[in-house]
2 protein chains.
Amino acid sequence: MIGRLNHVAIAVPDLMAAADQYRGALGAEVGPPLDQPDHGVTVIFITLPNTKIELLYPLGDASPIAKFLDKNPAGGIHHICYEVDDLVAARDRLTATGARVLGDGTPKIGAHGKPVLFLHPKDFQGTLVELEQV
Amino acid sequence: MIGRLNHVAIAVPDLMAAADQYRGALGAEVGPPLDQPDHGVTVIFITLPNTKIELLYPLGDASPIAKFLDKNPAGGIHHICYEVDDLVAARDRLTATGARVLGDGTPKIGAHGKPVLFLHPKDFQGTLVELEQV
């Protein structure tokens with residue numbers, strides 16, 4: 001069912017410092033900061049040959065990653081995203097096994113303009129998993 | 001400098017339950033458990049089209065992930081691994097920027113039989129980063 005690893009999202013306490021480090025110390029291809037007010041984050045995409053890293057920084061008062069950074073002030077890996085062909089079919093297969101989907105279970109439009117769902121980390125080895133329909 | 005994302009490693013409290021979930025609920029291609037006594041882990045590889053997920057479970061008394069699971073009993077993402085062409089050149093570039101390498105800075109043979117180094121998470125947004133020479 002799951003396809004490619006679409007991205008690894010890393011929450012960071014200083015977005016430009018993190019971007020500079022990926023560009024300088026790691027020599028990676030680092031994009032510009034992009035505000036995504038609907039998602040409460042500013043994002044920088046790092047393009048690797050086979051997938052992406054997304055550096056996330058809180059934007060606005062109700063950012064979903066503010067609490068994560070409170071608990072992890074140095075930053076940390078926030079979630080991983082797997083691609084699926086059919087998000088509703090994936091959700092139904094998952095919930096049939098007892099796995100919980102965050103929110104009301106309705107796909108939302110994610111940061112890439114595509115439908116996404118998040119799975120409950122307690123049901124997935126402590127890992128926040130995003131599914132994105134591609 | 002960094003190339004492909006080689007893998008995402010997830011430490012899990014119940015290896016077979018995690019494997020069953022990736023196989024069943026997520027429909028992924030899940031390999032058999034592999035004991036790696038030199039690294040203190042039992043590993044299951046999950047093959048995605050563009051990269052791998054490694055499920056890690058402690059093996060032996062001095063497993064490097066036992067403490068992580070003590071702190072994160074539900075499991076969690078343990079590290080990410082980037083590929084590099086020249087590990088010693090990568091190390092020298094990193095340490096020149098002030099980033100610390102774990103241990104004595106000498107590449108070790110990693111779980112895939114290739115030279116690896118780990119970077120200090122405090123220098124990389126709270127993320128444990130492995131570099132593997134491919």
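Asp20(A) is partly exposed at 47% relative accessibility, where partly exposed denotes the range between buried (under 20% relative accessible area) and exposed (over 50%), computed with a 1.4 Å probe on protein chains only. The model is predicted, so local features need pLDDT of at least 70 and side-chain atom pairs count only at pLDDT 80 or more, while totals for chains, interfaces and linings use all residues. Side-chain values use heavy atoms, with hydrogens and water left out; residues are numbered from 1 along each chain as its sequence is written, and chains are lettered from A and ligands numbered from 1 in the order in which they are written.

Asp20(A) is paired with Arg23(A) in a salt bridge whose closest N and O atoms are 3.2 Å apart, a salt bridge being a side-chain nitrogen of Lys or Arg within 4 Å of a carboxyl oxygen of Asp or Glu. The two residues are 3 residues apart in helix H1 (residues 15-24) of chain A and are therefore separated by about one helical turn. Helices (H or I, at least four residues) and strands (E, at least two) are DSSP runs numbered from the N terminus. Arg23(A) is partly exposed, its relative accessible area being 38%. A salt bridge also joins the side chains of Arg91(A) and Asp92(A), at 3.1 Å from N to O. Arg91(A) is partly exposed at a relative accessible area of 22%, and Asp92(A) is likewise partly exposed at 39%.

In chain B, the side chains of Asp123(B) and Arg100(B) form a salt bridge with an N to O distance of 3.0 Å. Asp123(B) lies in the loop between strand E8 (115-119) and strand E9 (129-133), and Arg100(B) in the loop between H3 and strand E7 (108-109), so the pair ties together parts that are 23 residues apart in sequence. Asp123(B) is buried at 16% relative accessibility, whereas Arg100(B) is partly exposed at 41%. Over all chains, the count comes to 10 salt bridges.

Between chain B and chain A, however, the count is 0 salt bridges. Polar contacts across this interface amount to 19 residue pairs, both residues being at pLDDT 80 or more; a polar contact is a pair of N or O atoms within 3.5 Å, where within protein one must be able to donate a hydrogen and the other to accept it, and residues adjacent in sequence count only if both atoms are side-chain atoms.

Thr51(B) is located in the loop between strand E4 (41-47) and strand E5 (52-58) of chain B. Thr51(B) is buried, with a relative accessible area of 4%. A polar atom of the Thr51(B) side chain lies 3.0 Å from the backbone oxygen of Asn6(B). Apart from residues up to four places away in sequence, Thr51(B) touches Leu5(A) and Asn50(A) as well as Arg4(B), Leu5(B), Asn6(B), His7(B) and Ile46(B).

Technical notes: Contact means heavy atoms within 4.5 Å.
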